[in-house]
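Keep the numbering of the residues at hand while reading.

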Amino acid sequence: MEKTNYSVARVVTYTKQSIGKAERHNERKNQSYSNMNVDLEQTKNNVYYKTCDKTYNERLKELIDENKVSLRGLKDNAKVFDELVLDINSDYFEKHGGYDFAKRFYEEAFHFAETEYGKDNIISAVMHADEQNIALTEEYGKPIYHYHLHVIAIPVVKKEIKYSKRTKDKALVGKVKETIMQVSHSKKWKSQKALDNEGNEILNDKGKPILIKSYSLLQDRFYKYMSDNGYKDFIRGEKGSTAEHLSDIEFKAKKEREKLEAITDKVKQQQNKFAETISATEDSEKQKNQAQQELNEIKKDIDNYKGYKGDIDNIDVGKSKLFGKKVELDKDDYQNLVKYAKKGIASDVEITKLKEENKKLKHDFNELKEKARDFIRVIAYAPTRVADFFKSLFKEEEQEKQRQIELAEKQRLEKLYTPAEIKILENLTDYDKEYLNRFTGETRERVEKGLIREYQKGIKYQEKINSPEYKKRRADRNAR
């Protein structure tokens with residue numbers, strides 16, 4: 001049965017501090033990549049629908065300076081960038097014209113992104129054509145690349161700033177003072193209530209409206225936009241709003257999850273086999289080292305034997321008696337001959353033993369190679385997944401270490417400071433946190449106490465100017 005192709009639209013959010021990672025990946029500023037399928041020789045084929053000749057943060061600052069974007073009210077570590085990734089199966093492009101078809105498809109997809117964000121709010125848009133699809137490359141017998149689009153944009157919404165009750169001209173209260181383009185993920189990506197065919201809200205078992213996630217709606221809009229512009233042969237299933245009524249696409253997704261669980265079980269089995277293989281490898285390595293030591297000792301004996309043989313050739317083995325078959329030997333010659341004979345017999349025994357052990361070692365090696373065959377193939381065809389798998393094995397241990405570190409830090413703070421002081425330390429600015437993290441031990445405690453005092457002064461000052469008495473005195477002064 002022919003494979004079904006699915007359109008994908010997903011959004012990843014970034015702060016000003018974290019956007020650098022996406023920038024280096026999208027703009028290909030790295031020398032190497034964690035995705036081992038990136039072929040830098042093919043990077044020249046990447047297509048830019050909108051270029052950014054500066055850093056993403058520099059472009060954001062320009063938009064702010066031009067009053068096209070506002071970060072008013074946002075914290076310094078707020079998420080202000082969206083990365084919209086638009087994608088379809090690699091096989092879809094290969095069957096419809098490959099690279100040239102992908103360029104036209106994603107040019108239209110870029111126009112979709114413009115309708116979502118507004119042209120001026122898009123910073124960069126690039127189609128990656130240099131990431132190889134290993135599985136399809138093997139299937140087709142030629143390089144197949146995974147074409148997909150990265151769009152970096154600023155999620156903005158119009159926000160009306162109105163005059164407050166504190167304005168001197170009371171006639172202006174509630175009227176629009178100014179309109180700004182406010183960065184806001186929550187307002188840009190609002191969920192919507194699910195409706196039935198008659199436009200009524202669909203409720204869950206508890207009688208509450210069922211919400212359709214904003215990114216799910218984004219997927220629907222992307223599918224419809226591309227379909228309306230002539231691109232077919234892929235699907236975007238309708239979202240089933242309840243667990244009782246699975247749509248066709250959800251049913252398929254359920255089946256895919258079941259397949260994934262089966263694959264996960266196989267991976268666990270392979271993990272166990274790998275552990276056994278590692279153990280067998282260690283045992284085999286010990287045997288190999290032991291056999292090598294014995295081989296070296298026997299080689300010495302053989303070298304000695306060769307030396308003995310040279311001496312034996314020069315031995316005067318005695319004189320035959322006049323009568324009978326006996327031979328007369330000097331006492332020294334007799335003793336030497338016995339010694340060399342014993343050495344020769346011992347060497348023959350050791351050589352035979354070595355041959356047997358060498359034969360067993362070869363058998364163990366071939367058996368080990370067969371056990372590791374599947375694992376070696378997995379590494380060859382999916383190195384990234386294998387790497388991620390082994391990272392996950394240690395992830396829980398790392399998380400536990402991190403929890404212990406956080407627990408120790410919590411206990412340290414509770415021992416030294418009051419709850420109010422701890423709350424101050426938890427709400428330090430990013431700048432102060434970075435400054436504080438430069439110190440350890442007693443020096444860190446001194447810096448912490450200094451920061452606490454400074455913040456307490458600020459809190460007292462805010463309490464003072466917000467107090468009724470202060471406001472009254474200020475109002476009286478203004479009245480005078």
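On helix H12, the side turned away from the buried one holds the exposed residues Pro419, Ala420, Lys423 and Glu426. Exposed means over 50% relative accessible area, buried under 20%, and partly exposed in between, with a 1.4 Å probe and protein chains only. Helices (H or I, at least four residues) and strands (E, at least two) are DSSP runs, numbered from the N terminus. This is a predicted model, in which local features need pLDDT of at least 70 and side-chain atom pairs count only at pLDDT 80 or more, while totals for chains, interfaces and linings use all residues. Residues are numbered from 1 along each chain as its sequence is written, and side-chain values use heavy atoms, with hydrogens and water left out.

Which residues of H12 are buried? In this helix, residues 419-426, they are Glu421, Ile422, Ile424 and Leu425. They line one face of the helix, because they fall within an arc of 155 degrees when seen down the axis of H12. The arc is that of the directions from the helix axis to the C-beta atoms. An α-helix has 3.6 residues a turn, so residues three or four places apart point the same way.

Helix H12 meets helix H14. Glu421, Ile424 and Leu425 of H12 touch Glu448, Ile452, Tyr455, Gln456 and Ile459 of H14, where contact means heavy atoms within 4.5 Å. By class, five nonpolar, one polar and two charged residues form the contact of H12 with H14. Here Ala, Val, Leu, Ile, Met, Phe, Trp, Tyr, Cys and Pro count as nonpolar, Asp, Glu, Lys and Arg as charged, and the others, Gly among them, as polar. The axes of the two helices, H12 and H14, come within 10 Å and cross at roughly 95 degrees. Axes are lines fitted to C-alpha atoms, for helices over the stretch in contact, and angles run from 0 to 180 degrees between N-to-C directions. H12 and H14 are therefore roughly perpendicular to each other. Angles of 65 to 115 degrees count as roughly perpendicular, under 35 as roughly parallel, over 145 as roughly antiparallel, and the rest as oblique.

H14 (residues 441-466) also packs against H15 (residues 468-479), at an angle of about 55 degrees and with the axes 5 Å apart. That makes H14 oblique to H15. Lys464, Ile465 and Asn466 of H14 and Pro468, Tyr470 and Lys471 of H15 make the contact.

Next come two loop residues. Arginine 28, in the loop between helix H1 (19-26) and strand S2 (47-50), has a phi near 55 degrees, a positive value in a residue other than glycine. Is arginine 28 buried or exposed? At 11% relative accessibility, arginine 28 counts as buried. Aspartate 233, in the loop between helix H7 (214-228) and helix H8 (248-313), has a positive phi near 65 degrees. At 52% relative accessibility, aspartate 233 counts as exposed.

Finally, consider the chain as a whole. The protein chain has 15 helices and eleven strands, and buried residues make up 29% of its 480 residues. The average pLDDT, the predictor's confidence in each residue from 0 to 100, is 79 for the protein chain, and 78% of the residues score at least 70. Over residues 237-252 the pLDDT is below 50. Where pLDDT is low, the predicted coordinates should not be read in detail.
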